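This briefing goes through a two-chain model by topic. Please keep the sequence and the coordinates open while reading.

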There are 2 protein chains.
Amino acid sequence: MNSPKLDVKAYMQSVGREARAASRRMAAADTAAKNRALEAIAAAIERDSAKLLAANAADVAQARAAGLDEAMVDRLTLTAKSVKSMAEGLRQIAALPDPIGAITDLNYRPTGIQVGRMRVPLGVVGIIYEARPNVTADAAGLCLKSGNASILRGGSEALNSNLAVAACVHEGLRAAGLPDSAVQVIETTDRAAVGELITMREFVDVIVPRGGKGLIERISNEARIPVIKHLDGVCHVYVDADADVAMAIRVADNAKTQRYGTCNTMETLLVSRTIADAILPPLCKICADKGVELRGDEASRKIVPAMKAATEEDYYAEYLAPILAVRVVADVDTAIEHITKYGSQHTDAIITNNYQNAMKFLREVDSSSVMVNASTRFADGFEYGLGAEIGISTDKFHARGPVGLEGLTSQKYIVLGNGQVRG
Amino acid sequence: MNSPKLDVKAYMQSVGREARAASRRMAAADTAAKNRALEAIAAAIERDSAKLLAANAADVAQARAAGLDEAMVDRLTLTAKSVKSMAEGLRQIAALPDPIGAITDLNYRPTGIQVGRMRVPLGVVGIIYEARPNVTADAAGLCLKSGNASILRGGSEALNSNLAVAACVHEGLRAAGLPDSAVQVIETTDRAAVGELITMREFVDVIVPRGGKGLIERISNEARIPVIKHLDGVCHVYVDADADVAMAIRVADNAKTQRYGTCNTMETLLVSRTIADAILPPLCKICADKGVELRGDEASRKIVPAMKAATEEDYYAEYLAPILAVRVVADVDTAIEHITKYGSQHTDAIITNNYQNAMKFLREVDSSSVMVNASTRFADGFEYGLGAEIGISTDKFHARGPVGLEGLTSQKYIVLGNGQVRG
């Protein structure tokens, strides 16, 4: 498929047309059929584990030969264990309640009609991701369960792996009487395919890009279709004057050091002036022990002189690394101002025992997740009970925060009458 | 403001920046303040009725001199009665429950954190509409109550009227201690202002265009911001084999003839083959009496030979006029196929006593409102109990169907903990 002669536009139009047709069948598919497909895909993946690993080995060898960096090779590489957990993930999706068809808020109106809302699929979901073959199974499963057709465009380095996963997906769909084209993996590595995918408004209802900021920024600038995305995770923990000191230190430690490279990791610690003396020295000791570099403002450095000086840029930075920016602030209002100016509307937490400050922070911090006395690391579909997530949205339109099955659906109005007419 | 020297880009950037700043204050405004503002605006509008009518008379005179057609002049013209109902509409919005801050689905997770969702404003809403001054008050009121800042761009012919309404709005906002810039009326008639408004992604969160299809199509093609919109209302009534004949005729009559020019008016009638003989002759008689022209397929014309022949284009048409396309179909599946092909995903109804067909139609018709045994004319925010609507959406992303206060909001996740960290 990578011959220079491939007409990418025609190919993508045909993929889009088939996806649109399949989306109608998926919207009407019953819960049992969707679950049967998910179970059959999981079984096929387990059965074909050796085949998947062989296809993946070819991808890894090519990637190494092309000089791909080790972190990327690591994400690309499948193991017997990761194949098993792909299958497990699909079974977990099968076990989730089916959101489609749920009717809510069905109430009588004075005219005698009943008006309610029915949950329905979005239609066709386009997913663009880097060379991580496990995303192929995961994304296909979430779209399938939510009654959508999906078009998957994974990183070109993972093409063999993705096609091997796709073969299992198609086998499972067929076993359940659902169309193959409900899940399509783009078979060309030509980058023009992405340009087509994100502009085919007649065939695609939403784009979910997963990967680095550069990729997501480019896609959301060029897309002519709604995008579910987040760009940055500049997450804050604000330790209020009335915080429990031990709790504040425990939460801040966890928010920064449990994992450095995730979008819900704390990047800036804000500390109320009146409690900074109690918080900063022990926290800095923990950070020093774990090799976390601290960069503070003048007030912080008066308390912990070993700290490096933070620049304006530090407060905008998503380090994704063992570095933490620190700032001493006057109160909850100053903390909210800082978060509004420097934050990325992802996840922010306050540590406090003060009711008014907790409520103010909850209400006024305009982020997709706002927390009281909990680690920012909890911002995650599994932790929130969504079962799985297709991504995290920091936008306010449609879905906000971790996006699970519900974010891949919409609600239409239904009206049940008895022959009523409008007067 | 219409001097050729106005730097439209700089002006719009300044409007956007002020709206963004005001949106933060509006998000934090309490219910009492918002309601106080709405009541004060209503009172100012009633008190200034004569001033509003004078400003409007100037607009109308100019519009007539410029040769605007009578239908547009009619929509532009305010009367003492329509000023009164503007004020009344604002009081109704004040009486609606405040959606902002509502917390739902707050549940404990196994880790001990409580996860829920809090309803929050979208931020800044841009509204683009034709020369209808009553929309200025209505849109400002809905955005205000939902905690958003708004930027209003009405048709240039209504500028004096809109500025007179805006003066009342600003007086009311000030009386409640809210910022003037929470509602801004664009003061230039330069069309470039629209181009700026729909591309200022940093300052505007959603665009709501109201008006003709051409305007909406242009805006949604050029916008770089999400748009809440509908283009067409090609609405269907399908009379199933098992319909009650009298009910079917009553509903079809109402759906077509209660008003011709609205987006929820029926444009095509589909009739099951087995009941067409009973439905078409009496319905055609009613239509003939009311001056409605019928255009049918061959099968319909065999039953009512007086009917004109329908072309393929007739089934795509949104007449907004006393014309009705008619087609005889085999069954509910054929009806759904027709609606999928020719419809606009606005509002479609089935008339039936057959349970399975009703359920199939409800589930499989992919429109923003799907009805059983009720007139399509009910598709409306007031009729649905939303209190008022900012518009109707036929898209599936974010809001679908009539959009009231809730459609102008989003939900963020909130997490309440007790010092929990992630393991």
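The points below cover symmetry, the interface, the sheet, the cores and some single residues.

The model is predicted. Chain A superposes on chain B by a rotation of 180° with 0.0 Å of shift along its axis, at an RMSD of 0.0 Å. The two copies are thus related as by a two-fold rotation axis.

**Symmetry and the axis**

- In chain A, the C-alpha nearest the axis belongs to A:His398, at 1.8 Å from it.
- In chain B, B:His398 sits in the loop between strand S14 (391-393) and strand S15 (401-403).
- B:His398 is not a glycine, yet its phi is positive, about 70°.
- B:His398 has 21 other C-beta atoms within 10 Å, and the cut-off for a buried residue is 20 or more, so B:His398 is buried.

**Interface between the chains**

- Contacts link 56 residues of chain A with 56 residues of chain B.
- On the chain A side, the elements that give two or more residues are helix H1 (8-28), strand S2 (114-121), helix H10 (245-257), helix H15 (355-364), strand S13 (369-374), helix H16 (381-384) and strand S16 (409-420).
- S16(A) gives the largest share of that side, eleven residues.
- By class, the chain A side has 23 nonpolar, 20 polar and 13 charged residues.
- The copies meet through the same surface, because 100% of the interface residues of chain A are also interface residues in chain B.

**Strand pairing across the interface**

- S13(A) and strand S16 (residues 409-420) of chain B run parallel and are joined by five bridges.
- A:Val370 stands opposite B:Ile414 in S16(B).
- An open sheet of ten strands, with mixed pairing, takes the order S1(A)-S2(A)-S16(A)-S13(B)-S12(B)-S7(B)-S8(B)-S11(B)-S9(B)-S10(B).
- At the edges of this sheet stand strand S1 (103-108) of chain A and strand S10 (308-309) of chain B; each has a single partner strand, so one side of each is left without a neighbour in the sheet.
- Strands of a sheet pair through backbone hydrogen bonds, either parallel or antiparallel.

**Strand pairing within chain B**

- Strand S12 (residues 347-351) and strand S13 (residues 369-374) of chain B pair in the parallel sense over four bridges.
- In that pair, B:Thr347 stands opposite B:Ser369 in S13(B).
- S1(B) and strand S2 (residues 114-121) of chain B pair in the antiparallel sense, also over four bridges.
- B:Ile103 has B:Met118 in S2(B) as its bridge partner.
- The hairpin of S1(B) and S2(B) has five residues between the strands, and in this hairpin B:Gly112 takes a positive phi near 100°.

**Nonpolar cores**

- The largest nonpolar core has 131 residues, of which A:Ile41, A:Ile45, A:Val237 and A:Ala252 touch the most other members.
- Not counting residues up to four places away in sequence, A:Ala252 touches A:Val237, A:Val239, A:Met266, A:Leu269 and A:Leu283.
- A second, separate core of 130 residues includes A:Val115, B:Val208, B:Cys235 and B:Ala379.

**Helix H10 of chain B**

- H10(B) covers residues 245-257; at 1.5 Å a residue its 13 residues should span 18 Å, which agrees with the 18 Å between its end C-alpha atoms.
- Residues buried in H10(B) include B:Met247, B:Ile249, B:Val251 and B:Ala252, and also B:Asp253, B:Asn254 and B:Lys256.

- A:Val326 is placed in strand S11 (residues 323-329) of chain A.
- With 29 other C-beta atoms within 10 Å, A:Val326 is buried.
- Which residues are in contact with A:Val326, leaving aside its neighbours within four places in sequence? They are A:Leu269, A:Leu294, A:Arg295, A:Gly296, A:Ser300, A:Met307 and A:Ala310.
- A:Val326 and A:Val271 are 55 residues apart in sequence, and their C-alpha atoms are 7.8 Å apart in space.
- A:Leu320 lies in the loop between helix H13 (312-316) and S11 of chain A.
- A:Leu320 has a positive phi of about 50° although it is not a glycine.
- A:Leu320 counts as partly exposed, with 16 C-beta neighbours inside 10 Å.

Notes. Residues are numbered from 1 along each chain as its sequence is written. Chains are lettered from A and ligands numbered from 1 in the order in which they are written. This is a predicted model: local features need pLDDT of at least 70, side-chain atom pairs count only at pLDDT 80 or more; totals for chains, interfaces and linings use all residues. Two residues are in contact if their C-beta atoms, placed from the backbone, lie within 7 Å. Ala, Val, Leu, Ile, Met, Phe, Trp, Tyr, Cys and Pro count as nonpolar, Asp, Glu, Lys and Arg as charged, and the others, Gly among them, as polar. Two strands pair if DSSP finds at least two bridges between them. A nonpolar core is a set of buried Ala, Val, Leu, Ile, Met, Phe, Trp, Tyr and Cys residues joined through C-beta atoms within 7 Å. A residue is buried if 20 or more other C-beta atoms lie within 10 Å of its own, exposed if 12 or fewer, and partly exposed in between; C-beta atoms are placed from the backbone. Copies are superposed by least squares on the C-alpha atoms of residues with pLDDT of at least 70 in both. The expected span of a helix is 1.5 Å times one less than its number of residues.
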